[in-house]
Amino acid sequence: SETEAALTQVERREHRLADAIASLPPDSIDLILIDCPPSLGLLTLNALVAGGRNANEQLRGPLSRRKD
């Protein structure tokens, strides 16, 4: 995608979304839902970094193929 191609030239490219979310006033949001393409590109990597532990926990949800 154009967005992913543009990110390849940016410093801290995997933290762009996390930095943008961190700049929001703390009480301005209750929930952030991040929808990603089904590939592990820069857009999905940004979502995983921004979501931190919460995103990683959701990957292991009931629809996950991973079995603990």
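This is a predicted model: local features need pLDDT of at least 70, side-chain atom pairs count only at pLDDT 80 or more; totals for chains, interfaces and linings use all residues.
Trainee: In what order do the elements of the protein run from the N terminus on?

Mentor: The model holds 3 helices and 0 strands. Read from the N terminus on, the order of the elements is therefore written with helix symbols, strands being DSSP runs of another kind. That order is α-α-α.

Trainee: Which element has the highest mean pLDDT?

Mentor: Across the protein the average pLDDT is 79, and 76% of the residues score at least 70. Among the elements, H3 has the lowest mean, at 75. The highest mean, 91, belongs to H2.

Trainee: What percentage of the residues in the protein is buried?

Mentor: A residue counts as buried when its relative accessible area is under 20%. The protein has 68 residues, and its accessible surface comes to about 5800 Å², with 53% of that surface belonging to carbon and sulfur atoms. The buried share of the residues is 12%.

Trainee: Is Asn46 buried or exposed, and why?

Mentor: Asn46 sits in helix H3. Its relative accessibility is 4%, and the limit for burial is under 20%. Asn46 therefore counts as buried.

Trainee: Which backbone oxygen does the side chain of Thr44 reach?

Mentor: Thr44 has its place in helix H3, which spans residues 42-59. At 12% relative accessibility it counts as buried. Beyond neighbours within four places in sequence, Thr44 is in contact with Cys36, Pro37 and Ser39. The oxygen that its side chain reaches, at 2.6 Å, is that of Ser39.

Trainee: What is the C-alpha to C-alpha distance of Thr3 and Leu43?

Mentor: Thr3 lies in helix H1, residues 2-7. With 48% relative accessibility, Thr3 is partly exposed. Thr3 and Leu43 are 40 residues apart in sequence, and the distance between their C-alpha atoms is 8.1 Å.

Trainee: Among contacts between residues at least 6 apart in sequence, what percentage joins residues at least 24 apart?

Mentor: A contact requires heavy atoms within 4.5 Å. Of such contacts in the protein, with partners at least 6 apart in sequence, those joining residues at least 24 apart make up 55%.

Trainee: With which residue does the side chain of Arg12 meet in a salt bridge?

Mentor: Arg12 belongs to the loop between H1 and H2, and its relative accessible area of 48% makes it partly exposed. Its phi is near 50°, a positive value in a residue other than glycine. The count of salt bridges comes to 1. At 3.0 Å, N to O, the partner of Arg12 is Asp19.

Trainee: Why does Asp19 count as partly exposed?

Mentor: The partly exposed class lies between the buried limit of under 20% and the exposed limit of over 50%. Asp19 falls into that class because its relative accessible area is 38%.

Trainee: What is the accessible area of the nonpolar patch that Leu24, Ile29, Ile32 and Ile34 form together?

Mentor: Ile29, one of the members, is found in the loop between helix H2 (16-22) and H3. Its relative accessible area of 35% makes Ile29 partly exposed, and patch membership requires over 30%. Together, Leu24, Ile29, Ile32 and Ile34 have an accessible area of about 280 Å².

Conventions. Residues are numbered from 1 along each chain as its sequence is written. Side-chain values use heavy atoms; hydrogens and water are left out. Helices (H or I, at least four residues) and strands (E, at least two) are DSSP runs, numbered from the N terminus. Buried means under 20% relative accessible area, exposed over 50%, partly exposed in between (1.4 Å probe, protein chains only). Accessible areas come from the Shrake-Rupley method with a 1.4 Å probe; for residues, only the protein chains shown count as cover. A polar contact is a pair of N or O atoms within 3.5 Å; within protein, one must be able to donate a hydrogen and the other to accept it, and residues adjacent in sequence count only if both atoms are side-chain atoms. Patches are made of residues with over 30% relative accessible area and no salt bridge: like charges are joined within 9 Å, nonpolar side chains (Val, Leu, Ile, Met, Phe, Trp, Tyr) within 5 Å. A salt bridge is a side-chain nitrogen of Lys or Arg within 4 Å of a carboxyl oxygen of Asp or Glu. pLDDT is the predictor's confidence in each residue, from 0 to 100.
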